[in-house]
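Visitor: I'd like to go through this one chain by chain. Can you take my questions as they come?

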Amino acid sequence: MEKKVFERPKLLKKAVFHYCPGCGHSILHRLIAEIIEELDIAHKVVGVPPAGCAVLAYDYLDIDMGESPHGRCAAVATGIKRSLPDRVVFTYQGDGDIAAIGTAETIHAANRGENITTIFVNNGCYGMTGGQMAPTTLIGQNSSTTPGGRDYARDGAPIDLSEMLALTKGSVYIERTTVNSPANIRKTKRAITRAFKIQMAGLGFSLVEVLSPCPTNWKMNTVDSCKWIEETITKTYPLKVIKDTVGDKIQ
Amino acid sequence: MLKKTVFAGFGGQGVLMMGYLYAVAAMREGKEVTYLPSYGAEMRGGTANCTIAVSDEEIFSPVASSPDHAVILNNPSLIKFESALTRGGLIVLNSSLVDRKTSRDDITVYRVPANELAKKHFNDDRSVNIIMLGGFIAATKMTSIESIVKALHEIFKGKKSDIMAINEKSLTLGAELVIKGA
Amino acid sequence: MLMRGSHVIAESAIRAGCRFYAGYPITPQNELTEYMAGAMAKVSDATFIQAESEIAAINMVLGAAMTGARAMTSSSSPGLSLKQEGISFLAASELPAVIINTMRGGPGLGNIAPAQGDYFQATKGGGHGDYHSIVLAPASGQEQADLTVKAFECADRYRSPVIILIDGMMGQMMEPVILPEPIDPRSLPPKSYILNGASQRPSRFIKSLILDTRDMEEHNWKLQRKYESITRDLILHESYLTNDANLVVIAYGTAARIAKGAIKRVREMGLKVGLLRPISLYPFPKGAIVELSRIVKHFLVFEMSTGQMVEDVKLSLEGRSKVHFYGRPGGIISTPDEISKVISSLYYRQNLEEEQ
């Protein structure tokens, strides 16, 4: 008797991802599709994709999605969630989107305790526009606008938005994970599932930051990219639960 | 006939309420009305004023560059509005606080010792604006006193009856004790 | 009842079924936001949010509009500059929203006095890309009530942002107003495009990214066809004493009220002068102006700016009649007396009293 152990999630449209080989977005899209299916919330979920590589998320995820201007996802999601409080609303944002141009919207949504979930994909660069320096780019890291590496005196230090958000009263669950290995992918899935459950229980703002490889702009191969996350990025952005005031209320 | 009136005094003297009562009374008499408060960047202090236009016909500009009437509660307001008043205009002064002489001989001046009256009858300054309004109505007959009373009841709906009694008494006091002459 | 303009708009919006408002403090329109804060709290299914920025406010409205809610934001000139991103996205994604601009003196921080310097910004798109908002310019308390209701209806009908353009004087002034009857937004026809979870239907997305150039062109033409139908159906204007006029003043909002007062004065002097007051600024009442130009050879455009609408008047006339301009920017409110002098001097200079 054959047993099917792996298949395309029902909520992943039959389209070929446009993402580069080794990109973390494809993995994350798949995880989101699986989670929504497992939680059985496809009929009441609304996603807000960003400007950036993942703007085309609605080409892959078979759920309601409303596109936001660059950085404004948290404000758009606020408008959706306040109008439809019983729906599950999530944003999906890159590091440039959330930690540079959208910092204000994000911090204030968290501070209001907007009952939404944010998936923050941190790849340390502006991927879609050609790998420019992002607020999260590491010191010394090359990018198309930091030839010779990010220089603290000139460019400032990498920002830790998740830690900043943890300071707000309205945020209840913030965890940093990565998708550089099967084990970490499973951890990421658990974190996003927990974030959705927290929202469904009406407990407040939840965010999962996912360190994600961008081999094309990092100018590395896939394996090296995953290794670089493990060995270098996590030094600046350690994998951990940054804040969890929910505790055992959500399993 | 279009008549524009400026009500002016310190912030806190109830100037805007005075104008609002008058505007509501005129509206209830079937007149066309506009009420334009002055607004500035500052929150407190300085002078407050509002302009009320009352007419039998459509009112075009709510602004009064040369008002027909001015109800003046303090010295700075007299300085500000006296020269703007139209030729043949009418001014009602709070003579308790305005000690400046008017410098124009082509306007009619009325006086009401509003703060003294308020102190004497109610031991309280709060009804100064209503006393002045009574004086203004008696001097101009722009509306009936009854319409102002009705407006008081409409605006202060639900307020205690003793406050209403003070308001009505204030109106009458102002109307009776307004004195013509500078 | 006697009511302040900004309160009239706020109350009329709620009565028109507005259930989402996001705003940010700015003078001279704080009374509108404050009224909304109090009044929306009494409506069980309504949301009021004081946003962290003008940009956040318009994008919250964008989100609310995606769910089908009648949504509104309001601001004054500098705030509208910030909102342009969201307005462009609303237009591109074909989402309805109502935006109030209580114009003040500019550019820059300017001042808080009444002005009309945002005409271009409002009527010509304002943000990036090829689009228009519907723009309505009330000139009285009653019109502020009526046009607020109309703004929500038009926003829904055309799936378009609608801007109500007033100034500090319109917002602060109290006039007698009959408020509209309240409607229950749940009684409005369902919207086919909204996002509320893909239950018993295929999933939907709302977007403005169209990478394929041919598709993008087609979307632009689609929007253009919508603007053509808006231009056919929605033009509003008032004509005052234009039948026998040798000179017609064109002005909107506060400027039109002052012009009317001036025209009344010069009529008493025997000058044949009328007023055309555009109520919809986009679509612009081009046809009415062209029609007048068969007889009227001189138009005087009066604006509380250095001259913006005057360009639309000239474009409408295409040289058919002479267009004169008088403007007072920076927050100056002209008196009817001043404008009547401008009118009469123009009238005599052009020998219009001889044209019978």
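Visitor: How many residues of chain B are in contact with chain C?
Guide: In this predicted model, 20 residues of chain B touch 23 residues of chain C.

Visitor: What area is buried there?
Guide: About 1800 Å² is buried between chain B and chain C. Carbon and sulfur atoms give 70% of that area.

Visitor: Which residues of chain B lose the most area to chain C?
Guide: B:Tyr35, B:Tyr39 and B:Phe60. Together they account for 38% of what the chain B side buries.

Visitor: How many salt bridges across the interface of chain B and chain C?
Guide: Two are found there. One of them pairs C:Lys260 with B:Glu58. Their closest N and O atoms are 2.8 Å apart.

Visitor: Now chain A. How far apart are the closest C-alpha atoms of chain A and chain B?
Guide: They lie 27 Å apart, and no contact joins chain A and chain B.

Visitor: OK, which chains share the most contacts?
Guide: Chains A and C do, out of two pairs of chains in contact. Chain C gives 33 residues to the contact with chain A, and chain A gives 33 as well.

Visitor: And the area buried between chain C and chain A, what is that?
Guide: About 2500 Å². Carbon and sulfur atoms give 60% of the area buried between these chains.

Visitor: Change of topic. At what angle do H5 and H6 of chain B pack?
Guide: About 155°, with the axes 11 Å apart. H5 covers residues 145–155 of chain B, and H6 covers residues 161–177.

Visitor: Roughly parallel or roughly antiparallel?
Guide: Roughly antiparallel, because the angle of H5(B) to H6(B) is about 155° and the cut-off is over 145.

Visitor: Left-handed or right-handed crossing?
Guide: H5(B) passes H6(B) in a right-handed crossing.

Visitor: Which residues make the contact of H5(B) and H6(B)?
Guide: From H5(B), they are B:Ile145, B:Ile148, B:Val149, B:Leu152 and B:His153. H6(B) supplies B:Met164, B:Asn167, B:Glu168, B:Leu171 and B:Ala175.

Visitor: How many of those contact residues are nonpolar, polar or charged?
Guide: Seven residues of the contact of H5(B) with H6(B) are nonpolar, two are polar and one is charged.

Notes:
Residues numbered from 1 in each chain as written. Chains lettered and ligands numbered in written order. Predicted model: local features only at pLDDT ≥ 70, side-chain atom pairs only at ≥ 80, totals over all residues. Heavy atoms only, no water. Axes fitted to C-alpha atoms, helices over the stretch in contact; angles between N-to-C directions. Helix = DSSP H or I, 4+ residues; strand = E, 2+ residues; numbered from the N terminus. Parallel < 35°, antiparallel > 145°, perpendicular 65-115°, else oblique. Left-handed = near helix turned anticlockwise from the far one by under 90°. Contact = heavy atoms within 4.5 Å. Nonpolar A, V, L, I, M, F, W, Y, C, P; charged D, E, K, R; others polar. Buried area = accessible area lost by both parts, 1.4 Å probe. Salt bridge = Lys/Arg side-chain N within 4 Å of Asp/Glu carboxyl O.
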